[in-house]
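Grab a pencil and work through the exercises below with the structure open beside you. Try each task before you read its solution.

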Amino acid sequence: MNKKTKLRIALASATLVVAAATGTALASGGSSSGSGSGSGSGSGSERSSTAQNVRGEQDKQQAPAVVKADGANLFPHSLDFDAPSKSFYVGSLKHGTVSTVGTDGKVRTFIDDPQLVSAQAVNIDRERGRVLVSNVDYGTADRSRKDAPFKVAGVGSYDLETGKQDWCVDLTALTLDGKQHLISDVTVAPDGTAYAVDELTPTVFRIDPEGNASVFLRDDLLQGTLDIPDFLDDVGMAAVEYVAGDQLIIAMADGSLVRVPVRHPEDAQKVRLSTPLASPTAGMRLLADGSVTAVSSGLLTGKPAQIQHVNPGGGWKTATVTVTDTVTDPVTSDVTDGPGRTTYALSGGLADLLAGKPNDGFTLTPVKTG
């Protein structure tokens, strides 16, 4: 069976799973975010009751709202938030563009670089005034080589004010292995060095601020073990974050985490977790206290996506995992900061893209992280 046939079968299955899950969620009435209104012959005075009602109304007004973005057929997989401009930045797997999204859901194209086939990971590096974008090819984009998916692997740097390209590096030129590649995520160290992870080979790339790239680590510990039936085998690194202690924390699609000391990458080892993250792990975000929130897509099960809090111990040698929230859409693929102290999860319509179906936009859902 060739890759095209396998792709069609897998995506048709994924769409059926998601449709069934969504129908179930709608039938059950969605999430329980209502506020309780106490009644009966309590001992509180009318004044305190009125004050509680006022505070309740204020809480409702201040509560973060779901953002329904109007970017039809963008199909974003990842996002980042820029606090000064109060804008989300999302990449398009379909068009290879990067767009800004306001809390009003308005979408505006910001980067349109012909070198980008599909824009997957998006990372805002405000200290250096740039946006880092990973370049991939699922074989479904406007600029895809339909007969050769997963042969594009790169990272581009773009001016945060103008969207103009600084550089765009081809990482396949460093491997020359003829294998399939998918740069799933990018993180930035304090010195401006970027680290990009390849979901289809056990390779981490290092890119300096000027765009000079090298292979940072190639280790069997990072070899993928998750198979997506009739689509891809051996899916591995899904997300990466630079954390305290000069380390990379890499989320594997199978729900495990790997700790990589930047100065001694040969000492990479698995993090001992209280329980594995749900699989497949899709996106990750570093929190202010040094812990991590991660989202696990329910694409393979049709169940709601899980938001999980990962609290490290012993310099990330161990970590405790707890589920803090869920998102009804199973194909939720990333999490990011939002206005104030909020965190938002992205549901970009990946199943529709892979099945060749159009959509009318995407959703950003506020979630609890702990």
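The exercises below go from the whole chain to single residues, and the model they use is a predicted one.

**Exercise 1. The whole chain**

Find how many helices and strands the protein chain has, and what share of its residues is buried.

Solution. 
- Step 1: Start with the elements. The protein chain has four helices and 27 strands.
- Step 2: Turn to burial. Of the 370 residues in the protein chain, 53% are buried.

**Exercise 2. A strand and its partner**

Decide how enclosed strand 16 is, and describe how strand 16 pairs with strand 17.

Solution. 
- Step 1: Check burial along strand 16, residues 237–243. Seven of its seven residues are buried, so strand 16 is largely enclosed by the rest of the structure.
- Step 2: Follow the pairing. Strand 16 runs antiparallel to strand 17 (residues 247–252), and six bridges join the two.
- Step 3: Pick out one position. A239 has A251 of strand 17 opposite.
- Step 4: Look at the connection. Strands 16 and 17 make a hairpin with three residues between them, and G245 in the turn shows a positive phi of about 90 degrees.

**Exercise 3. Aromatic pairs**

Classify the ring pair of F150 and F231, then do so for Y195 and F216.

Solution. 
- Step 1: Recall what you need. A pair of aromatic rings is described by the distance of the centres and the angle of the planes.
- Step 2: Count the pairs. There are six aromatic pairs.
- Step 3: Take F150 and F231. Their centres are 6.2 Å apart with 55 degrees between the planes, and this pair is tilted.
- Step 4: Locate these two rings. F150 sits in the loop between strand 7 (130–136) and strand 8 (154–159), while F231 sits in the loop between strand 14 (226–228) and strand 15 (232–235), and the two are 81 residues apart. F150 and F231 are both buried.
- Step 5: Take Y195 and F216. With centres 5.1 Å apart and planes at 70 degrees, the pair is edge-to-face, because the angle is over 60 degrees.
- Step 6: Locate this second pair. Y195 belongs to strand 11 (residues 194–198) and F216 to strand 13 (residues 213–218), 21 residues apart. Y195 and F216 are buried.
- Step 7: Look for a group of rings. F81, F88 and Y344 are linked into a cluster by ring pairs.

**Exercise 4. The nonpolar cores**

Name the residues that touch the most other members of the largest nonpolar core, and find the element that gives the most to this core.

Solution. 
- Step 1: Start with the general idea. In soluble globular proteins, nonpolar side chains tend to be buried together.
- Step 2: Examine the largest nonpolar core. It has 33 residues, and Y138, V155, L171, I183 and V186 touch the most other members.
- Step 3: See which elements take part. Among those giving two or more residues are strand 7, strand 10 (183–188) and helix 4 (350–354). Helix 4 gives the most, with four residues.
- Step 4: Zoom in on V155. Beyond neighbours within four places in sequence, the contacts of V155 include W167, L171, I183 and V186.
- Step 5: A second, separate core has 17 residues, including Y242, M252, V258 and V262.

**Exercise 5. An enclosed space**

How many cavities of 30 Å³ or more does a search of the whole structure find, and which residues are closest to the centre of the largest cavity?

Solution. 
- Step 1: Count. The search finds one cavity of 30 Å³ or more.
- Step 2: Give its volume. The largest cavity holds about 130 Å³ of space.
- Step 3: Inspect the lining. It has 18 residues, and V122, D185, M284, R285 and D334 are the closest to the centre.
- Step 4: Link the lining to elements. Strand 6 (118–125), strand 10, strand 16, strand 21 (281–286) and strand 25 (332–337) each supply at least two lining residues.

**Exercise 6. Single residues**

Solution. 
- Step 1: Y158 is buried, with a relative accessible area of 0%.
- Step 2: Compare sequence and space for Y158. Y158 and L132 are 26 residues apart along the chain, and their C-alpha atoms are separated by 6.5 Å.

How values were computed
Residues are numbered from 1 along each chain as its sequence is written. This is a predicted model: local features need pLDDT of at least 70, side-chain atom pairs count only at pLDDT 80 or more; totals for chains, interfaces and linings use all residues. Side-chain values use heavy atoms; hydrogens and water are left out. Rings of Phe, Tyr and Trp (its six-membered ring) pair if their centres lie within 6.5 Å; planes under 30 degrees apart count as stacked, over 60 as edge-to-face and the rest as tilted. Buried means under 20% relative accessible area, exposed over 50%, partly exposed in between (1.4 Å probe, protein chains only). Two strands pair if DSSP finds at least two bridges between them. A nonpolar core is a set of buried Ala, Val, Leu, Ile, Met, Phe, Trp, Tyr and Cys residues joined through side-chain atoms within 4.5 Å. Contact means heavy atoms within 4.5 Å. On a 1 Å grid over the protein atoms alone, a cavity is a set of points where a 1.4 Å probe fits but cannot get out, and a pocket is an open set with protein on both sides within 12 Å along at least five of seven lines; lining residues have an atom within 4 Å of a point. Grid points are joined across faces, edges and corners, and a volume is the space filled by probe spheres set on the points.
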